[in-house]
Amino acid sequence: MNITPKPNFIQVFSGECWLKDNKTTYITDEKMKDEAYTIEINDGETIITSKGEKGKYYAELTLAQLERAGKTPLCKIEDEPEFAYRGFMIDSARHMQTIDEIKAYITAAASFKMNVFHWHLCDDQGYRIESEKYPNLNKIGSYRKCHGFKSDNMEPYGGYFTKDEIRDVIAFCKEKYIDVIPEIDMPGHTCAIIASYPELTCRSNATVEVATDGGIFRDILCAGKDSTLEFCYGLLDEIADLFPGEYIHLGGDEAPKARWCECADCQKRIKDNNLKNEEELQGWFTQMMIAHLRERGKKVICWNESLHSGLIGKDDSIICNWMDRKNYCSDFANKGGKVIAEDFYHYYLDYEYGMTPLKKTYEYNPYFDGLNSEGEKNILGVETPIWTENVKNFDRMSYMCFPRLIAVAEAGWTRRSNKDYADFKVRVENQRESLASLGIKQADKKCWDPGVLVRGKIILGRLKSILNPQAILVFLFPNKNIDL
Ligand SMILES: [Zn+2]
């Protein structure tokens, strides 16, 4: 049957009907889980059973897909998600989208029963949230001197979302049972913030500009100065006031420690707090932010690098596992910490289909290596991001994300034992028209799983594009101040 993500139990009877001619009956069953539903399609009557509105909403999404497919077989469907967290992330920092484009994307993701919108709103290349408290974040931090990312367009690039626009998106998501989680990446990926307020970095005499290229940058927030902590608390207060959800994402990825190694304030902080090294200083800094947000009733999510300090415990933060070479995430989950599976090699949608074919995304197992039975219970769900260094407009974004986002949605909803790639490809091709009605152009079927030769060519091209000598230096020597 043409339902995506595939329901977990379907029993088909003989006969079929037009759903639009059926009367619909709702039944409440208090014993069911929030997102679970059952549908019975009889000749003349459709019966939906759920605990409340959320289950009913998912049942209606299923019925909408069936209705679009024509006559429906008489059947019974029993369904509930595999994972509680079914996320998609949009990077609006490197390249912005319009609010209408973001809503179209959300509508599409919601139609496949995803329920978390992680919104990446600030990075080295731009700060994208209206700030009344820190106006330079918009005046300076929201703009870069040219389009950047190897574009030959030398016009300035930038902008930010007003608080009203953000509230509008949050309200839009609420109708679709989607939580919105803003990401304020710290202490790294903060060139735009530092360009706005240079005193926040270790070297206050340094000139840091809003970045115009990708990579990892050595100038990060100074964890040694009390004034930096005060700034961050103020910033997070403003974010906590704007976003009503339970979670704020604090980033924490790719924070090279070279500046901290040479900063008297950072070194004093390490000594005063009996910390072993700069990695522990990041753990300490993150803990200060977690404690501040906890007082505001907020919880935290971080990227997996936040575990490197050893100071983030299972009750402090949920962890997004994007690249973990040393089993930090499996150890964390095995000891009770909650983890979201977001493996870059399978779920990063800015990677070409030649690097990450649809089949590879579809077949990724969110119960990643190293988990024991306790750890598996702590996999909260899946998330798939679209980073936008090389995704400069919505057509490109649509092509890269669809249908791979749908593959992740199915991993989030459908039990692994019920998944079937051949069947998925047929169902997903049937979504093309409804996606087009949202302005989303799904990639052609021939692009989904390219052959070996095409893949080789694309992988070589990608390697060439990321061979930036300065970025490689920072990656290889994160704690050394070596520059070209
Ligand atoms: Zn410092």
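Tyr 57, Tyr 58 and Gln 65 supply 43% of the area that domain 1 buries against domain 2, which is more than any other three residues.

This is a predicted model, in which local features need pLDDT of at least 70 and side-chain atom pairs count only at pLDDT 80 or more, while totals for chains, interfaces and linings use all residues. Residues are numbered from 1 along each chain as its sequence is written, and side-chain values use heavy atoms, with hydrogens and water left out.

The bounds of the two domains come from an automatic or database domain assignment, and the other values for the pair are gathered below.

| Item | Value |
|---|---|
| Bounds | domain 1 (9-79), domain 2 (85-476) |
| Distance between C-alpha centres | 36 Å |
| Residues in contact (heavy atoms within 4.5 Å) | eleven of domain 1, twelve of domain 2 |

Across this interface the rule finds one salt bridge, a term that requires a side-chain nitrogen of Lys or Arg within 4 Å of a carboxyl oxygen of Asp or Glu. The side chains of Arg 86 and Glu 35 meet in a salt bridge, at 2.9 Å from N to O. On the side of domain 1 that touches domain 2, helix H1 (residues 53-68) provides the largest share, eight residues; helices (H or I, at least four residues) and strands (E, at least two) are DSSP runs, numbered from the N terminus.

Ser 306 is placed in the loop between strand S14 (299-303) and strand S15 (317-321). Why does Ser 306 count as buried? Ser 306 counts as buried because its relative accessibility is 5%, where buried means under 20% relative accessible area, exposed over 50%, and partly exposed in between (1.4 Å probe, protein chains only). Leaving aside residues up to four places away in sequence, Ser 306 touches Gly 251, Gly 252, Gln 282 and Ile 312.

In helix H14 (residues 394-401), the residues Phe 394, Met 397, Ser 398, Met 400 and Cys 401 are buried. Among the elements that cover these buried residues are strand S6 (85-91), helix H2 (99-111), strand S17 (379-386) and helix H15 (404-413). The N-terminal end of H14 is capped by Asn 393, with a side-chain oxygen 3.2 Å from the backbone nitrogen of Asp 395.

Technical notes:
Buried area = accessible area lost by both parts, 1.4 Å probe. Polar contact = N/O pair within 3.5 Å; in protein donor to acceptor, adjacent residues only side chain to side chain.
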